[in-house]
Amino acid sequence: MPSTGFAHWLIVLVETFAALFLLLLALFVVVLLVTWLVDRNQTGNAVLRNFPVIGHFRYWFLHLGEFFRQYLYSSDREEMPFNRAQRTWVYRAAKNVDNTGAFGSSRDLRGEGVPFFVNAPFPNLGEDHVEPVPVTIGPYARQPYSHAAFFNISAMSFGALSAPAVRALSRGAAKAGIWMDTGEGGLAPYHLEGGCDIIFEIGTAKYGVRTPEGKLDDDKLLAVCAHEQVKMVSIKLGQGAKPGMGGLLPGAKVTAEIAAIRGIPMGEDSQSPNRHLDIGNVHELLDAIVHIRELTGKPVGFKAVLGGADWIGEMCDEIARRGIRSAPDFIIVDGSEGGTGAAPQTLMEGVGLPLHEALPALLDMLIVKGLRQRIKVVCSGKCVTAYDVAWALSVGADFVNSARGFMLALGCIQSLQCNRNTCPTGITTQNPKLQRGLVVADKSERVFHYARNVMHEVGIIAHSCGVAEPRQLNRGHCRVVGDDGLSIPLEKLFPYPKANETAV
């Protein structure tokens with residue numbers, strides 16, 4: 001039998017819990033009543049006005065729906081922007097584990113637009129395979145840049161990305177021998193930390209190299225380019241997610257450090273103009289390229305989303321008048337399907353050419369104008385798997401950039417919260433508690449493995465097609481499925497134009 005004292009304390013404990021339960025129940029009833037009254041009398045939402053309290057469940061289920069679809073309901077090939085099969089391939093490549101499958105592909109090989117490659121009946125022997133040959137960019141710059149890796153990290157800004165994410169990318173890039181584009185947010189110490197090659201991007205707000213009025217500060221640009229790791233300078237005209245619109249960094253992400261690096265007020269929303277204030281036509285674009293190249297000695301090019309190639313032809317004609325030295329050293333073409341950050345749905349889904357049109361249009365125009373060898377072409381836009389990259393090389397790209405592929409390698413789970421500062425994996429948030437989940441030493445290894453495995457498997461495709469290295473792939477090696485379920489060669493879909501030898 002329990003002692004009298006113990007029985008007394010037991011009764012007191014039970015009574016206390018009962019009282020707490022009744023108090024919580026009363027609070028719950030009060031909250032429900034207040035919510036019912038507010039919902040019933042508000043005028044902005046018809047569902048809540050007609051169905052107070054229970055109408056909130058609709059929004060809760062809508063929020064949870066995207067997660068349930070991702071894990072429970074969608075098949076491996078249904079989701080957007082990246083389906084489960086694509087994400088799984090990237091995760092396994094990043095972890096450097098076996099990426100083979102069994103019992104056949106779950107990919108619909110008859111779907112319109114699906115690319116596949118034409119294997120040679122007698123492929124080269126293993127000893128005939130060679131490493132990618134370095135490509136030299138900027139032959140007229142004082143410091144030309146030669147780079148072999150054809151798969152690199154696309155533009156993602158510090159500020160949009162967390163410091164641990166940038167550090168992991170920098171370390172992994174250095175180990176893999178690939179470059180890293182800073183994005184428009186300026187050069188942070190974390191970009192330099194790993195020792196990788198850096199492409200410095202000048203955005204429309206000229207973050208990091210701006211005067212207080214937002215103009216280009218030559219002295220700041222010289223200081224940035226004085227770093228040996230900074231190999232090239234890219235002028236950003238536009239990006240895939242929001243062509244014709246500047247970027248927005250929410251004030252919640254503008255910490256003191258980010259504000260100092262970008263040269264903007266702390267804690268305030270930072271809106272970039274929708275274009276460079278000093279670049280309004282191809283003449284001013286070429287002027288800016290020549291000025292920056294002469295100032296820094298580095299190769300200089302630009303990044304753009306194409307709505308058509310006519311203005312590229314206009315630029316090429318102006319280069320013919322000025323001389324071949326005036327040409328950009330490279331062009332980064334971003335497909336409209338690109339974009340790691342926040343953007344209006346209208347722009348994401350309805351403006352700009354997708355990469356499968358923009359890339360051949362750009363290359364063909366450069367061929368026609370006789371500038372294909374002078375201007376190197378980099379492409380970006382949902383190229384995350386080996387066959388995506390192989391397709392781009394077959395069309396004619398010299399290099400392929402990826403942003404979201406490397407985010408997935410860092411551990412991104414496609415929670416679609418990049419714009420909310422609530423990224424659960426610590427990649428696109430400035431919240432220290434969430435950043436803690438991203439361990440730099442571990443994730444940098446995944447970045448390294450992902451880059452190396454993509455390039456290795458593109459090499460496997462190239463060797464299967466009978467060429468010694470990936471950049472030898474051409475439009476004859478790739479076929480694309482048409483609307484009738486039958487495939488046609490890329491060289492028939494996008495025939496090589498005849499070069500105008502007298503153009504430049």
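So, what is the helix and strand content over residues 6-38, and how far apart are the end C-alpha atoms? The chain there is 100% helix and 0% strand, and its end C-alpha atoms sit 48 Å apart. The UniProt record, an unreviewed entry, puts the feature "transmembrane region" on residues 6-38. Its positions are given in the numbering used here, feature names are shortened, and annotations may be inferred rather than shown by experiment.

Quick housekeeping. This is a predicted model, where local features need pLDDT of at least 70 and side-chain atom pairs count only at pLDDT 80 or more, while totals for chains, interfaces and linings use all residues. Residues are numbered from 1 along each chain as its sequence is written, and side-chain values use heavy atoms, with hydrogens and water left out.

Now the overall picture. The protein chain has 17 helices and 15 strands. Of its 504 residues, 50% are buried; buried is under 20% relative accessible area, exposed is over 50%, and partly exposed is in between, with a 1.4 Å probe and protein chains only. The chain exposes about 24,000 Å², and carbon and sulfur atoms supply 59% of that. Those areas come from the Shrake-Rupley method with a 1.4 Å probe, and for residues only the protein chains shown count as cover. As for contacts (heavy atoms within 4.5 Å), take those with a separation of 6 or more: residues 24 or more positions apart account for 69% of them.

Let's move to the strands. Strand 6, residues 197-202, has 5 of its 6 residues buried, so the rest of the structure largely encloses it. Two strands count as paired if DSSP finds at least two bridges between them. Strand 5 runs parallel to strand 6, with 3 bridges joining them, and W179 has D197 in strand 6 as its bridge partner. Strand 6 also pairs with strand 7, again in the parallel sense, over 5 bridges. There, I199 is bridged to M232 in strand 7.

There's also an open sheet of 3 strands, ordered 1-14-15, with antiparallel pairing. Which strands stand at its edges? Strand 1 (115-117) and strand 15 (487-489) do, each with a single partner strand, so one side of each has no neighbour in the sheet. From one strand to the next, the twist averages 35°. For angles, axes are lines fitted to C-alpha atoms, for helices over the stretch in contact, and the angles run from 0 to 180 degrees between N-to-C directions. Strand 14 (residues 478-481) is joined to strand 15 by 3 bridges, and R479 stands opposite P489 in strand 15.

Lying across strand 1 and strand 14 is helix 13, which runs at about 80° to strand 1. Among the buried ones are D388, W391 and S394.

On to salt bridges, meaning a side-chain nitrogen of Lys or Arg within 4 Å of a carboxyl oxygen of Asp or Glu. By that rule, the count comes to 17. E184 pairs with K236, the closest N and O atoms being 2.8 Å apart. This pair links distant parts of the chain: E184 is in the loop between strand 5 and helix 6, K236 is in strand 7, and they are 52 residues apart. Both E184 and K236 are buried.

K369 and D317 make another salt bridge, at 2.9 Å, N to O. K369 is in the loop between helix 12 and strand 12 and D317 is in helix 10, so the pair ties together parts 52 residues apart in sequence. D317 is partly exposed, at 32% relative accessibility.

E318 and R321 are 3 residues apart in helix 10, which means about one helical turn separates them. Shared partners join D287, E318, R321 and R322 into one salt-bridge network.

Last stop: H449, in helix 16 (residues 440-464). H449 is buried, with a relative accessible area of 18%. Leaving out residues up to four places away in sequence, H449 touches A93, A94 and N96.

Methods
Helices (H or I, at least four residues) and strands (E, at least two) are DSSP runs, numbered from the N terminus.
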